[in-house]
Amino acid sequence: MNDKSSPRKFSRRKFVQGVSTTIIGSYVLTPGVSKISEKLEAETKEIASGKKPLNLIVNKVRYELMISPETTLAEVLRNELKLTGTKLICNHGECGGCTVLLNGEAIYSCQMLALDAGEKEVTTIEGLLTGEELHPIQKAFVEHDGLQCGYCTPGQIIAAQAILLKNSQPSKEEILTGMSGNLCRCAAYPNILKSVLAAAGYLTEGTNR
Amino acid sequence: MIPELEIIKPFSLEEAVDFLNDHPAEARIIAGGTDIIPGLMQGSKRFTGIKYLVDLQQIDELKEIIADSENITIGALLTFSQMINNDSLKNNFPLLVKSASTVGSVQIRNRATVAGNFINNAPCADSVPPLLVYNAKIKLLGVNGNYEMPLSDFLIKPYFTRLKTGEIVTQIILPKPKKEFIGDFYKLGRRRGVAISRITLAALIQIEDNKLGEIRLASGAVSPIGMRFFDLEQKYSGSVISDKLLKNISSDLGKEILKVTGLRWSSEYKVPVTQQAMYLLLERICSAHKQVK
Ligand code: FES
Ligand code: FES
């Protein structure tokens with residue numbers, strides 16, 4: 001997976017599709033397709049002793065994986081699918097860095113077993129992009145300095161997305177409540193709030209999309 | 001990393017009970033997982049020796065809300081978010097819904113279950129004091145079938161309940177309080193989100209004319225587990241409402257808490273704060289009552 005040396009420009013999504021039917025570690029990835037070759041299947045079984053099949057839909061791509069049952073969703077996203085936008089910061093259900101959407105609702109992916117997410121729709125920060133184009137919430141964070149070091153930012157943006165999916169014009173109070181599960185050690189809170197309010201504006205104006 | 005585990009997904013309650021009984025020491029039920037997953041990740045002593053997690057998500061009857069004229073019965077797998085969004089719970093059990101909305105954060109409320117909150121029986125379980133003042137009962141299923149128990153009997157001491165090995169809490173039965181009952185819930189944490197409660201209080205009072213009818217008081221976090229104050233409730237029921245009375249109730253409550261906790265380094269400030277918080281809570285309830293009238 002040395003995409004850095006590749007002369008072609010990879011978008012993240014293309015990259016994921018590019019590795020689609022290969023084995024990464026002990027996992028078989030077959031986005032979009034549910035048939036795997038017999039050879040692969042045999043290989044999978046071999047590797048898969050003690051492992052369980054998992055059908056995961058991440059950012060609208062379907063993955064068929066074999067995983068150890070004790071693997072958390074965050075671990076699968078980061079270590080196996082290489083979707084490292086989801087951050088593991090406390091790994092303890094307290095900081096919000098690992099926030100993803102599960103069927104449109106915000107959850108901590110470090111606090112949940114991957115098997116539990118089977119057949120459900122997972123959205124990570126990578127899924128907000130359209131090609132290389134930023135999502136209006138991402139744009140708002142850039143324009144309003146909604147970050148300092150950026151470590152907490154993917155989680156913040158997903159939490160904001162969860163709010164905006166339900167309520168396109170949230171009040172300050174609703175944003176603060178909805179994002180209280182996302183800590184920022186740089187304390188960029190005032191600008192995070194500004195960014196989310198701005199994003200709500202962009203989304204309703206529809207100017208950015 | 002979490003130690004090696006098997007996940008068991010039974011399709012019926014009977015299957016689940018059978019499995020739990022066949023593996024008494026090694027199997028544990030998982031509901032939302034918000035406590036057990038981080039606990040396993042950290043190697044918490046509360047979860048050592050677990051080889052099987054029994055995931056009940058496929059059993060639909062554990063997710064139902066059933067209302068009849070007397071009770072609202074909720075399935076043990078109901079999450080806090082589902083509770084907050086349910087109108088009949090909002091109307092009949094406002095204190096419970098208010099406490100649910102203060103639990104953890106959105107992310108936690110979307111996964112964590114009410115039953116998990118009291119089965120875990122941490123002192124700081126936010127939903128326990130409201131459940132106690134609503135006289136919640138729980139329904140359990142074991143090898144010998146179903147039975148019911150008041151929640152106040154179920155909770156023994158921090159992190160211990162009367163749940164026997166191989167049993168499952170299936171439902172929470174909430175008797176609808178009579179119209180004259182009015183109450184409120186108070187929570188003090190170190191900050192607004194994802195904060196472990198320091199003090200939780202719930203009060204549900206029947207007010208008739210200028211008198212207190214039935215009184216139900218409960219505390220959490222300041223007491224070792226969520227608890228009711230039955231003696232105190234009896235002592236003051238029937239009293240004529242006055243500022244002095246509310247102060248006396250609150251001051252007695254502080255003394256009762258001191259009795260169960262014993263003197264701690266924090267008692268010096270926690271007891272007065274709890275007394276003041278209870279007083280303000282009672283005052284708020286009484287003035288809300290006047291406004292309704
Ligand atoms: S990494 Fe999951 S909440 Fe902190
Ligand atoms: S921007 Fe640094 S942690 Fe939030």
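A residue is termed buried if 20 or more other C-beta atoms lie within 10 Å of its own. The legends below describe a predicted model.

**Figure 1. Buried face of helix 11 of chain B.** The buried residues of this helix are B:Leu246, B:Ile249, B:Ser250, B:Leu253, B:Gly254 and B:Ile257. Viewed down the helix axis, these buried residues fall within an arc of 140°, and they therefore line one face of helix 11. In an α-helix there are 3.6 residues a turn, so residues three or four places apart point the same way.

**Figure 2. Exposed side and end of helix 11 of chain B.** B:Lys244, B:Lys255 and B:Lys259 are exposed on the other side of the helix. Helix 11 comprises residues 243-261, and its 19 residues reach 27 Å from the first C-alpha to the last, close to the 27 Å expected at 1.5 Å a residue. Just after the helix, B:Gly262 adopts a positive phi of about 75°.

**Figure 3. Surroundings of B:Ala202 in the nonpolar core.** The largest nonpolar core contains 132 residues, and A:Ala160, B:Ala202 and B:Ala203 have the most contacts inside it. Leaving aside residues up to four places away in sequence, B:Ala202 touches B:Leu95, B:Pro129, B:Pro130, B:Leu132, B:Val133, B:Gly183, B:Phe185 and B:Ala218.

**Figure 4. Setting of these views within chain B.** Chain B has 12 helices and 14 strands, and 44% of its 293 residues count as buried. Among its contacts with a separation of 6 or more, 66% join residues 24 or more positions apart.

Notes: Residues are numbered from 1 along each chain as its sequence is written. Chains are lettered from A and ligands numbered from 1 in the order in which they are written. This is a predicted model: local features need pLDDT of at least 70, side-chain atom pairs count only at pLDDT 80 or more; totals for chains, interfaces and linings use all residues. A nonpolar core is a set of buried Ala, Val, Leu, Ile, Met, Phe, Trp, Tyr and Cys residues joined through C-beta atoms within 7 Å. A residue is buried if 20 or more other C-beta atoms lie within 10 Å of its own, exposed if 12 or fewer, and partly exposed in between; C-beta atoms are placed from the backbone. Two residues are in contact if their C-beta atoms, placed from the backbone, lie within 7 Å. Helices (H or I, at least four residues) and strands (E, at least two) are DSSP runs, numbered from the N terminus. The expected span of a helix is 1.5 Å times one less than its number of residues. The arc is that of the directions from the helix axis to the C-beta atoms.
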